[in-house]
Amino acid sequence: MQLVPPSNNATPPATGLILTGGGARAAYQVGVLAALAQLRRDAGMGGSGAPNPFPIIAGTSAGAINAATLASYADDFDAAVDGLMHIWQNIHVDQVYAADSLGVIRTGARWMTMMSLGWALARWRRSRPRSLLDNAPLRELLARWTRLERLDEMLARGHLRALAISGSSYTSGQHVTFYQTREPIEPWLRSQRLAVRTELTLSHLMASSAIPFIFPAEEIELGGQKEWFGDGSMRQSAPISPAVHLGAQRVLVIGAGRMHEPTGSRPVVNTGHPSMAQIAGHALSNIFLDALAVDVERMQRINHTLSLLSPEARRNTSLRPVDVLVIAPSRRLDDMAAEHQGSLPPPIRAMLRGVGVNGEGRQASGSALTSYLLFEPSYTGELIMLGMTDTLARRAEVQQFFGWPTRAPSVDPAMMRKRRAGFAQAAKA
């Protein structure tokens with residue numbers, strides 16, 4: 001994408017950050033953020049007391065969790081990123097969903113039983129599980145991880161202008177962006193999507209990250225009545241829109257999957273009818289990945305069209321150009337997940353075998369589905385490294401986007417330890 005260099009004005013353009021969904025794939029975002037923090041320090045723009053580089057943050061699904069963490073610690077971006085690194089490098093499946101035999105029986109096994117014998121069990125409501133997996137452990141983790149009670153302070157002190165979390169209502173069919181801001185911003189309404197200004201809570205994070213079928217819906221009050229919400233990536237036709245509505249003049253988008261597959265990059269092999277795992281993985285990729293690519297292309301077209309207009313014509317239109325930089329994985333995360341399917345706990349592997357997840361490495365099948373569920377250090381650590389590598393490979397482009405001067409890289413281990421310790425202490429407070 002052709003980027004327009006920042007102006008020489010004293011006040012830089014407001015930068016928005018878009019963190020998309022994807023379950024365990026969101027670990028990639030943390031690697032990108034870590035590399036950005038390092039590049040900012042190399043440019044002499046970071047460190048203690050430096051302003052938050054992203055005053056406007058919008059997150060969806062697992063990206064909403066990362067977004068809420070950054071916003072909660074907007075007064076120290078580097079420490080927030082170090083904390084996210086520590087958490088994602090040490091996360092385990094049982095911190096996100098029940099992975100023991102009893103937990104799997106309570107949800108997954110009952111869910112599969114209902115799929116096959118529902119006609120016989122329909123009269124017993126107690127036998128109707130709400131999802132394939134029980135994500136109650138995630139709620140406990142987020143209660144310790146995110147500090148949403150700090151948002152008001154971050155907004156009041158000017159470290160943050162807005163945080164937006166998106167969810168999808170099973171009740172009304174609407175896609176809803178919940179946002180909390182420093183200054184009043186009029187809610188927007190578009191076809192099948194609306195925005196609501198509110199005080200963001202743990203329930204909004206649980207709802208936004210409730211992967212369809214995998215995790216249960218969350219009940220949230222909207223317009224005076226309760227509605228059931230699921231993953232915000234569903235029906236999200238314009239992922240970049242919330243940041244723009246909230247005042248972003250340029251936007252960094254961190255994806256959780258490849259934007260475009262190179263033509264002929266993979267041999268097409270017909271191995272018979274697809275398994276349930278293959279179909280589910282394909283459906284999730286459609287939910288989490290396709291809308292972002294379409295929205296980026298739409299914004300590119302708008303920017304190009306505006307560049308062809310005369311200055312007078314541009315003044316007479318409500319549209320405005322928005323610089324967009326997209327950083328997305330350079331490798332297929334499905335293939336990476338295939339190398340680590342054996343890291344899943346035995347009860348989860350046994351359950352997933354029932355829908356077609358088998359093997360490991362090149363012989364693996366159903367890895368698209370497991371790429372969203374593999375909350376294990378072997379996989380998330382590799383995603384973090386990929387995010388760092390992809391970002392550093394585009395150093396010049398990132399520096400141009402932010403207007404950062406080019407300087408020699410520098411690493412201060414003592415400062416890294418100090419930031420990490422500061423985040424850990426704040427998280428325990």
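## Close-up views of a predicted model

**View 1. A polar contact joins the side chains of D231 and S61, 2.7 Å apart.** An unreviewed UniProt entry annotates S61 and D231 as "active site". Although the pair is spread over 171 residues of sequence, its largest C-alpha distance is 5.6 Å, so the two cluster in space. Of this set, S61 belongs to the lining of the largest cavity.

**View 2. S61 sits in the loop between β2 (56-60) and α2 (62-72).** Is S61 buried or exposed? S61 counts as buried because its relative accessibility is 1%. Take a moment to find what surrounds this serine. Setting aside residues up to four places away in sequence, S61 touches G21, G22 and G23, then S208 and S209, and also D231, S233 and F288.

**View 3. D231 lies in the loop between β8 (225-230) and α8 (241-245).** With a relative accessible area of 0%, D231 is buried. Which residues does D231 touch, not counting those up to four places away in sequence? From T60 and S61, the list of residues touching D231 goes on to S168, the run A207, S208, S209, A210, I211 and P212, and finally F288.

**View 4. The largest nonpolar core has 92 residues.** Good places to begin looking are L70, W88, Y97 and L252, the residues with the most contacts inside this core. Helix α1 (residues 27-42) supplies the largest share of the core, nine residues.

**View 5. Y97 is one of the residues with the most contacts inside the largest nonpolar core.** What does Y97 contact, leaving aside its neighbours within four places in sequence? The partners of Y97 are L133, D134, N135, P137, F215, L344, I348, L373 and F375.

**View 6. Helix α15 (residues 395-402) has V398, Q399, F401 and F402 as its buried residues.** Why do these residues count as lying on the same side of α15? They cover an arc of only 160° around the axis, and this puts them on the same side of the helix. Among the elements covering the buried residues of α15 are the strands β1 (15-19), β9 (250-254) and β10 (323-327), together with the helices α1 and α14 (377-392). Just after α15 comes G403, with a positive phi of about 75°.

**View 7. S367 is found in helix α13 (residues 367-370).** Is S367 buried or exposed? Its relative accessibility is 11%, so S367 counts as buried. Apart from neighbours within four places in sequence, S367 is in contact with D334, A337, A338 and Q341.

**View 8. The protein chain as a whole has 16 helices and 10 strands.** The protein chain has 429 residues, and 52% of them count as buried. What share of the contacts between residues at least 6 apart in sequence join residues at least 24 apart? In the protein chain, that share is 76%.

Definitions and conventions: Residues numbered from 1 in each chain as written. Predicted model: local features only at pLDDT ≥ 70, side-chain atom pairs only at ≥ 80, totals over all residues. Heavy atoms only, no water. 1 Å grid on protein atoms, 1.4 Å probe; cavity = no way out; pocket = protein on both sides within 12 Å on 5 of 7 lines; lining within 4 Å. Helix = DSSP H or I, 4+ residues; strand = E, 2+ residues; numbered from the N terminus. Buried < 20%, exposed > 50% of the residue type's maximum accessible area, 1.4 Å probe, protein only. Contact = heavy atoms within 4.5 Å. Polar contact = N/O pair within 3.5 Å; in protein donor to acceptor, adjacent residues only side chain to side chain. Core = buried A, V, L, I, M, F, W, Y, C linked by side-chain atoms within 4.5 Å. Arc of directions from axis to C-beta.
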